[in-house]
There are 2 protein chains.
Amino acid sequence: MDLEPSLRRATVVGCGLIGGSIGLGLRDRGWHVSGIDADDAVAARAVELGALDVVGIDPLATITFVATPVGAIPAIVRVALESTTGAVTDVGGAKTSIVDAVSDPRFVGGHPMAGSEQLGVDGASADLFEGAVWVLTPNATTDPAAYALVRTVVSDLGAEVVALDPARHDEVVAVVSHVPHLTASALMSLASGRAEGQRTLLRLAAGGFRDMTRVSAGSPGIWPDICAENREAIVAVLDELIGSLGQLRTVVADDDRAGLLERLEAAQSARINLPSRVSQLGAVVELRIPIPDTPGVIAQITTLGTELGVNVADVQTAHSSEGDQGVLLLLVEADKGEAYRDALVALGYRPSLQALG
Amino acid sequence: MDLEPSLRRATVVGCGLIGGSIGLGLRDRGWHVSGIDADDAVAARAVELGALDVVGIDPLATITFVATPVGAIPAIVRVALESTTGAVTDVGGAKTSIVDAVSDPRFVGGHPMAGSEQLGVDGASADLFEGAVWVLTPNATTDPAAYALVRTVVSDLGAEVVALDPARHDEVVAVVSHVPHLTASALMSLASGRAEGQRTLLRLAAGGFRDMTRVSAGSPGIWPDICAENREAIVAVLDELIGSLGQLRTVVADDDRAGLLERLEAAQSARINLPSRVSQLGAVVELRIPIPDTPGVIAQITTLGTELGVNVADVQTAHSSEGDQGVLLLLVEADKGEAYRDALVALGYRPSLQALG
């Protein structure tokens with residue numbers, strides 16, 4: 001879906017690393033980008049660096065990105081919804097609390113899984129999202145057209161969109177990001193404590209330890225918010241990790257060699273098969289899905305695709321030629337088109353599948 | 001200390017990645033290297049690759065490296081001590097059990113902290129130890145001359161020698177290597193289990209998670225031995241880590257923002273200050289230390305240097321001009337020469353310190 005030039009207007013609220021990179025990326029692609037920041041000097045710097053055309057909120061914005069600290073997001077999203085008629089999305093690292101607090105058809109929760117060692121707008125880059133996964137979390141209130149628009153824009157920034165239920169997102173990021181970060185910090189502090197007064201002992205730390213603790217060098221300031229917003233999932237995953245380590249402790253203490261080998265082999269196999277970030281999308285087919293005007297349709301259809309592991313190349317909405325009902329057009333990888341269609345049929349949809357010429 | 005050519009004869013027992021790399025490195029430096037392996041084909045391959053001159057045990061070897069799996073080391077070290085009059089060292093990843101089992105003046109426990117993604121003699125490389133830390137664990141029985149010889153040879157392979165008490169070594173490697181490895185495996189298995197049936201979800205794993213779990217892709221086969229040999233230290237460190245994660249869990253569950261920030265900031269500071277592997281050695285001074293013929297002198301002097309964080313460039317033994325008593329000659333970094341001397345004096349030694357021209 002190519003937006004016509006007059007629609008390429010965006011607002012970015014919060015001009016840090018992520019907001020600044022969104023601004024740079026959109027302006028590279030011909031968008032007019034307005035933006036604000038809690039710190040006027042940061043907004044001015046964003047203009048200077050070319051991340052914004054102008055400081056301010058654009059009432060004509062087709063899309064507004066809220067890229068502030070997590071705690072401030074719901075209130076700012078509501079202001080953005082009142083200030084424009086366009087879609088609004090955010091970039092917060094925990095989604096359930098935000099999505100539950102907002103509940104508006106034009107709001108689509110989002111989370112770009114991208115970062116940088118650099119902080120703030122000075123670290124921003126137009127290609128920060130190239131090849132990165134960008135999670136969108138449509139829910140029962142999400143309008144399919146708003147979802148399709150946000151999806152198109154973030155895809156255009158180079159990101160690969162993965163649609164997830166908000167709670168599932170929070171669980172997965174607790175597993176692959178939040179708890180690993182806390183664990184890295186725990187390992188680093190433990191080593192530092194044990195080396196007390198003999199810092200040179202840490203010279204024994206080889207690449208593996210350095211790799212495992214690298215993230216603990218990141219800025220701690222963002223974590224109280226993240227842990228507060230995603231508390232439930234983080235606590236559950238920490239409990240599971242503590243349980244796993246307790247089992248490993250027993251296996252080692254009992255010299256249960258077979259049990260140890262079994263556990264390490266399972267982990268080895270999982271690590272070797274860890275999917276790469278960028279999906280390889282070959283031939284695609286088109287799914288046309290008439291969508292009833294009932295809540296939660298876009299959330300159900302897109303998260304089903306994620307559950308089935310289907311790579312989706314594009315999502316658009318259109319009006320049906322047979323009346324008021326909308327139609328959802330999905331471009332999906334050819335190999336999984338039939339499985340996706342059959343699963344949709346099982347849910348009561350009436351999709352049609354066709355090859356592309 | 002340059003060994004005269006006739007003394008450059010070594011035996012390597014066990015021709016895997018480490019043994020093969022020792023052979024390649026020594027032959028590059030003009031040594032004659034004999035060697036054996038439990039698998040005759042591996043020994044033959046080591047000759048083919050230039051890691052050995054000849055298959056066999058050299059009765060004239062000045063030094064024998066035992067680079068077999070940990071469980072087999074004590075018995076093979078004893079055979080090597082009976083077969084030669086030279087020094088014997090090993091490369092096992094846990095030291096207390098080995099050093100306690102052997103107890104011979106000519107044996108010096110060792111552990112090169114080097115590895116490679118590649119396995120076996122085909123992955124061996126003459127420069128595997130360049131810049132790596134190589135721990136030596138002299139104890140109460142170690143002969144200073146044997147220590148000085150082993151130290152010279154492994155330094156010549158490009159490694160940086162760190163002298164540690166065997167139990168302290170085992171604690172430190174549990175902290176910086178063994179427990180991190182087990183933790184990486186636990187994190188990887190947890191993520192894999194949570195993504196059950198939705199492997200694509202692991203595409204959300206960004207660089208931090210990939211870094212943290214990388215070591216879990218390594219070969220599990222070596223770990224039952226390592227965990228058995230270093231059981232006590234590993235269990236103690238696992239207990240401490242489980243305790244730390246439990247505290248973090250409480251901090252998150254209670255939304256104790258100040259407590260969380262404090263912990264993450266301590267870890268950040270420790271990670272940023274993690275010393276680099278290679279010490280920068282500038283000007284050096286010479287310490288001459290008359291050494292009484294009592295047990296444990298070399299262990300006490302060298303591990304004291306490690307405790308004080310002194311970089312040592314060279315260790316040699318000599319006979320005193322005033323009689324039978326030996327003298328230990330240490331080249332140490334100039335900045336810490338006086339502190340080292342004073343600490344030695346406090347232990348009853350009579351060291352002299354002099355600048356080098």
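This briefing describes the strands, helices and selected residues of a predicted model with chains A and B. The model scores ipTM 0.82 and pTM 0.82. In chain A the mean pLDDT is 91, and 96% of the residues reach 70 or more. Where pLDDT is low, the predicted coordinates should not be read in detail.

**The sheet of chain B**

- Chain B holds an open sheet of eight strands with mixed pairing, in the order β3-β2-β1-β4-β5-β6-β7-β8.
- The edge strands of this sheet are β3 and β8 (160-163) of chain B, each of which pairs on one side only.
- Strand β1 (residues 9-13) of chain B runs parallel to strand β2 (residues 32-36) of chain B, and five bridges join the two.
- Within this pair, Thr11(B) has Ser34(B) in β2(B) as its bridge partner.
- Another parallel pair is formed by strand β5 (residues 87-90) and strand β6 (residues 107-112) of chain B, with two bridges between them.
- In this pair, Thr89(B) stands opposite Val108(B) in β6(B).
- As a general point, the side chains of a regular strand alternate between the two faces of the sheet.

- A right-handed β-α-β unit is made by β1(B), helix α1 (residues 17-28) of chain B and β2(B).
- From β2(B) the chain then crosses through helix α2 (residues 40-48) of chain B to β3(B), and this β-α-β crossover is right-handed.

**Helix α10 of chain A**

- Helix α10 (residues 257-272) of chain A has 16 residues, which at 1.5 Å a residue should span 22 Å; the end C-alpha atoms are 22 Å apart, so the two values agree.
- Seen by burial, Gly259(A), Leu260(A), Leu264(A), Ala267(A), Gln268(A), Ala270(A) and Arg271(A) of α10(A) are buried.
- An α-helix has 3.6 residues a turn, so residues three or four places apart point the same way.
- The other side of α10(A) carries the exposed residues Ala258(A), Glu262(A) and Ile272(A).
- The cover over the buried residues of α10(A) includes α9 (231-253) of chain A, and from chain B it includes α6 (166-194), α7 (207-213) and α8 (223-229).

- Asp211(B) is found in helix α7 of chain B.
- The relative accessible area of Asp211(B) is 16%, under the 20% cut-off, and therefore this residue counts as buried.
- Leaving aside residues up to four places away in sequence, Asp211(B) touches Asp211(A), Met212(A) and Arg214(A).

- Val54(A) belongs to strand β3 (residues 54-55) of chain A, and with a relative accessible area of 37% it is partly exposed.
- Not counting residues up to four places away in sequence, Val54(A) touches His32(A), Val33(A), Ser34(A), Gly35(A) and Val47(A).
- Val54(A) and Ala43(A) are 11 residues apart along the chain, and their C-alpha atoms are separated by 8.8 Å.
- Gly30(A) has its place in the loop between α1 (17-28) and β2 (32-36) of chain A.
- With a relative accessible area of 53%, over the 50% cut-off, Gly30(A) is therefore exposed.
- The C-alpha atom of Gly30(A) is separated by 7.3 Å from that of Arg8(A), although the two residues are 22 residues apart along the chain.

**Loop residues of chain B with positive phi**

- Ser103(B) is not a glycine, yet it has a positive phi of about 50°.
- Ser103(B) sits in the loop between α4 (96-102) and β6 of chain B, and at 43% relative accessibility it counts as partly exposed.
- Asp255(B), likewise not a glycine, has a positive phi of about 50°.
- The loop between α9 (231-253) and α10 (257-272) of chain B contains Asp255(B), which counts as partly exposed at 32% relative accessibility.

Notes. Residues are numbered from 1 along each chain as its sequence is written. Chains are lettered from A and ligands numbered from 1 in the order in which they are written. This is a predicted model: local features need pLDDT of at least 70, side-chain atom pairs count only at pLDDT 80 or more; totals for chains, interfaces and linings use all residues. Side-chain values use heavy atoms; hydrogens and water are left out. Two strands pair if DSSP finds at least two bridges between them. Helices (H or I, at least four residues) and strands (E, at least two) are DSSP runs, numbered from the N terminus. A crossover is right-handed if, with the strands pointing away from the viewer, the path from the first strand over the helix to the second runs clockwise. The expected span of a helix is 1.5 Å times one less than its number of residues. Buried means under 20% relative accessible area, exposed over 50%, partly exposed in between (1.4 Å probe, protein chains only). Contact means heavy atoms within 4.5 Å. pLDDT is the predictor's confidence in each residue, from 0 to 100.
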